[in-house]
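Reader: Hi! Could you walk me through this one while I have it open? I'd like to start with how the chains meet.

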Amino acid sequence: RRELPDGGARPNAAQFKQLVVTALRELHGEVGAALPVDVLTYEEKTLSAILRVISSGLVKLWSALTLLGSYQNRTCAFRVLQTSPFLLALSGNSRELVL
Amino acid sequence: MVRFKNRYVLCEVLSDDPRCRQCIEERAVGLAVRDAIGRVHGDYGLACCSISFTVKYLNAYTGTVLLRCRKDSYRLLCSALPFVRHLESRNQRYPCALNTLHVGGTIRTCQKFLIQYNRRQLLMLLQNCTNEEERQCIQKSLLSCSLTEEQSQSGDEEDDDGTE
C-alpha cells in the first residue's frame, strides 16, 4: 500500500501509474521502466494504492518510489505502509487487531 | 586477498560510413557508452558502472576498443553496448554499432585473444580478396606476422589500409 501527500490536483489511476513508471525510468532506465507493475486498487480521495510487482523487482520499485521527488512541479513523497507477498495480509494490520 | 577486480570488454566498432573511422577517439567512445548506459539502466546503473570505467585501448584503424569496468557491473555494461548507435565528435554524428568480441579479467588475456582474432581475420581476408595486388599485400603481411607478436599488429594495420 502506498500513500502520497500532495498539494493541489489529484492524479487519477492512469496518471498514478505513469508516475510510478517515470520514477522507475529515472532511477533504473529503460530496463526499470519495463518492469511489469500493476496498480490493483487506487483511491483518489486518500491517494493510496496497492501495487503488485514481481518479487525480484521489489527492491527496484521501492528504491525508485523513495527517490521520486516531484509530480507536475510540486514536491511529493511516497510512503510505503505495508508490503507482503499475500494480498489478504494487506487488508488488516495484525498489530491493531482488537480481539 | 581483497582487491578490486575488473573486467575488460573487447569490442569492435562497425560502421557503414568510412568517415566514422576518424572520429573514433577515447573521449567520444567513452561518452557514447556512458550515455547508452544512462539511457538503459538509469541513474543507478550509470553510477554503478562509472566507478572504474575507462577506455583502456583504442585502435582507429581496426576499430578495436578495450573498456574497463568493475566485475560487479560488467553485465550492465555489456547489456548496454548494443544501444550505442552514434559516435559524436567535433559536432559530427556518425551511425555505428559496437560488437562485443571478448570479456576478460586482465588486459593480457584480451591481448592474447586480439592477436589470435586478428590472425584469423587476416586469413579470412586472404580468402575473400579479389584483387591480385591486395592478395600479394596480404600474403606479405601474413608471412611477416608469423615471426613475432609485435609484427602481427603492424601487419594488420598495413592490411587494413590496403583494403580500404
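Reader: How many residue pairs are in polar contact between chain B and chain A?

Author: There are 6 residue pairs in polar contact between chain B and chain A, with both residues of each pair at pLDDT 80 or more. Keep in mind that this is a predicted model.

Reader: Noted, thanks! What about salt bridges across the interface of chain B and chain A?

Author: The count there is 0 salt bridges.

Reader: And which classes of residue sit on the side of chain B that touches chain A?

Author: That side of chain B has 2 nonpolar, 3 polar and 2 charged residues. In terms of contacts, 7 residues of chain B meet 7 residues of chain A.

Reader: How much area do chain B and chain A bury between them?

Author: About 450 Å², and 55% of that is on carbon and sulfur atoms.

Reader: OK, switching to chain B by itself. Which domains does the assignment give?

Author: Chain B is assigned domain 1, covering 1-105, and domain 2, covering 107-149. The contact between these domains of chain B takes 11 residues from domain 1 and 6 residues from domain 2.

Reader: How far apart are the C-alpha centres of the two?

Author: The centres of domain 1 and domain 2 of chain B are 25 Å apart.

Reader: And what do those domains bury between them?

Author: Domain 1 and domain 2 of chain B bury about 760 Å², with 78% of it on carbon and sulfur atoms. On the domain 1 side, Leu10(B), Leu101(B) and His102(B) supply 48% of the area buried against domain 2, more than any other three residues.

Reader: Nice. What about polar contacts and salt bridges there?

Author: The interface of domain 1 and domain 2 of chain B has 1 residue pair in polar contact, both at pLDDT 80 or more, and 0 salt bridges.

Reader: Which elements give two or more residues to the domain 1 side?

Author: In chain B, those are strand E1 (6-14), strand E2 (54-59), strand E3 (64-70) and strand E6 (97-104). By class, the side of domain 1 of chain B that touches domain 2 has 5 nonpolar, 4 polar and 2 charged residues.

Note on methods: Residues numbered from 1 in each chain as written. Chains lettered and ligands numbered in written order. Predicted model: local features only at pLDDT ≥ 70, side-chain atom pairs only at ≥ 80, totals over all residues. Heavy atoms only, no water. Domains from an automatic or database assignment. Contact = heavy atoms within 4.5 Å. Buried area = accessible area lost by both parts, 1.4 Å probe. Salt bridge = Lys/Arg side-chain N within 4 Å of Asp/Glu carboxyl O. Polar contact = N/O pair within 3.5 Å; in protein donor to acceptor, adjacent residues only side chain to side chain. Helix = DSSP H or I, 4+ residues; strand = E, 2+ residues; numbered from the N terminus. Nonpolar A, V, L, I, M, F, W, Y, C, P; charged D, E, K, R; others polar.
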